[in-house]
Amino acid sequence: MKEIDIRNPRSTGRIKTKICNYIKTDDGTELLEFKYQRIRRTILVDDFLNEVMQARKNSYTTEQ
């Protein structure tokens, strides 16, 4: 298993704000782990990308 921190590149401080962890399991599954206070939520990268694409699609239809 490999885990990488994803940080906000636009953060103004010297230490970049951590957004989530990218995790790749031994079987190749890609996950994003979001942490907020004591709550952890883990989702598949593919599911996250599908949600982003759906949000983009919805934003285009509401603008016109």
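This is a predicted model: local features need pLDDT of at least 70, side-chain atom pairs count only at pLDDT 80 or more; totals for chains, interfaces and linings use all residues.
Phe-48 sits in helix H1 and has a relative accessible area of 32%, so it counts as partly exposed, the class between 20% and 50%.

Phe-48 also belongs to the one aromatic pair that the structure holds. Its partner is Phe-34: the two ring centres are 6.1 Å apart and the planes meet at 40 degrees, so the pair is tilted. The pair connects distant parts of the chain, with Phe-34 in strand E3 (residues 30–36) and Phe-48 in helix H1 (residues 45–63), 14 residues apart. Phe-34 is partly exposed as well, at a relative accessible area of 26%.

Now step back to the whole chain.

How does the radius of gyration of the chain stand against that of a compact globule of 64 residues? The chain has 15 Å, whereas such a globule would be near 11 Å. The C-alpha trace spans about 40 × 35 × 20 Å along its principal axes.

Of the 64 residues, 12% are buried. Among contacts with a separation of 6 or more, 6% are between residues 24 or more positions apart. The chain exposes about 5,900 Å², with carbon and sulfur atoms supplying 51% of that area.

Note on methods. Residues are numbered from 1 along each chain as its sequence is written. Side-chain values use heavy atoms; hydrogens and water are left out. Rings of Phe, Tyr and Trp (its six-membered ring) pair if their centres lie within 6.5 Å; planes under 30 degrees apart count as stacked, over 60 as edge-to-face and the rest as tilted. Helices (H or I, at least four residues) and strands (E, at least two) are DSSP runs, numbered from the N terminus. Buried means under 20% relative accessible area, exposed over 50%, partly exposed in between (1.4 Å probe, protein chains only). The radius of gyration is taken over C-alpha atoms; the globule rule is 2.2 Å times the number of residues to the power 0.38. Contact means heavy atoms within 4.5 Å. Accessible areas come from the Shrake-Rupley method with a 1.4 Å probe; for residues, only the protein chains shown count as cover.
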